[in-house]
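Please read the points below beside the sequence and the model.

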Amino acid sequence: MFFSPLSSYLFYIIPVLINNFNIPIYMYKRLSILSICSSIYHITDQYSLNTNPLLLKISEWLDGSSIILVCNSFLFNNKTNILIDQQLLLFYSITKLVSNVEIVKKIIYSITFLKMAYIRPVVSIPFLFGGTGFYNYIQNNKWNHYNRSIWHLGMSVYIGLSMHYLL
């Protein structure tokens, strides 16, 4: 049970190490939230075994909300723009919890990648590497240690390299 969420902490550790602990305070907080929520989601996903779908849905919502918070930091590059965060999280919450649609998260994630790849093309390499783990997840329709670790490693390096934009 304790090894399942360990790769989620790469979201915090790798960006901090890549940037030599030189990242804005609000990003420390957002990366911490992302790591914790991702861990909760993967623990719930692995051990719920479809016995508690509401718990899994709530943990997916927490994970998606934390992803949106981190992505918004790159999209809007403004730590004080809490109104945008609130509106997007509210819209995401409604679509996720009512109809289980994650279109808001997918759009935000895609736009963030396109912007960061345009600004700093090297981020495409770890993003594509992480994408192989996600592709494996789609094929198997289940997170396992292999695809989750590859996804988290690729995305954490992607976030770390993208963070130069915020500095």
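This is a predicted model: local features need pLDDT of at least 70, side-chain atom pairs count only at pLDDT 80 or more; totals for chains, interfaces and linings use all residues.

1. The largest nonpolar core comprises 38 residues, and Met27, Phe74, Tyr158, Ile159 and Met163 have the most contacts inside it. Two or more residues each come from α1, α2, α3 (53-76), α4 (82-99), α5 (103-119), α6 and α7. The greatest contribution is that of α3, which gives eight residues. In soluble globular proteins, nonpolar side chains tend to be buried together.

2. Apart from its neighbours within four places in sequence, methionine 163 contacts Pro15, Asn19, Ile23, Met27, Leu31 and Phe74. Of these partners, Met27 and Phe74 are also listed among the core residues with the most contacts.

3. Helix α5 consists of 17 residues and extends 24 Å from its first C-alpha to its last, close to the 24 Å expected at 1.5 Å a residue. Its buried residues are Val104, Lys105, Ile108, Tyr109, Thr112, Phe113, Met116 and Ala117. These buried residues of α5 pack against α3, α4, α6 and α7.

4. Arginine 30 is located in helix α2. Is arginine 30 buried or exposed? Its relative accessible area is 11%, and because buried means under 20%, arginine 30 counts as buried. When residues up to four places away in sequence are set aside, arginine 30 touches Leu69, Val70, Asn72, Ser73 and Asp85.

5. Asparagine 141 is placed in the loop between α6 (124-140) and α7 (145-162). Asparagine 141 has a relative accessible area of 63% and is therefore exposed. From C-alpha to C-alpha, asparagine 141 and tyrosine 12 are 26 Å apart in space, and they are 129 residues apart in sequence.

6. The surface also carries a nonpolar patch of about 660 Å², formed by Leu6, Tyr9, Ile13, Leu17, Phe21, Ile36 and Ile40. At least two residues of the patch are supplied by each of α1 (10-18) and α2 (25-48). Isoleucine 36, one of the patch residues, belongs to helix α2. The relative accessibility of isoleucine 36 is 44%, so this residue counts as partly exposed.

Technical notes:
Residues are numbered from 1 along each chain as its sequence is written. Side-chain values use heavy atoms; hydrogens and water are left out. Patches are made of residues with over 30% relative accessible area and no salt bridge: like charges are joined within 9 Å, nonpolar side chains (Val, Leu, Ile, Met, Phe, Trp, Tyr) within 5 Å. Accessible areas come from the Shrake-Rupley method with a 1.4 Å probe; for residues, only the protein chains shown count as cover. A salt bridge is a side-chain nitrogen of Lys or Arg within 4 Å of a carboxyl oxygen of Asp or Glu. Helices (H or I, at least four residues) and strands (E, at least two) are DSSP runs, numbered from the N terminus. Buried means under 20% relative accessible area, exposed over 50%, partly exposed in between (1.4 Å probe, protein chains only). A nonpolar core is a set of buried Ala, Val, Leu, Ile, Met, Phe, Trp, Tyr and Cys residues joined through side-chain atoms within 4.5 Å. Contact means heavy atoms within 4.5 Å. The expected span of a helix is 1.5 Å times one less than its number of residues.
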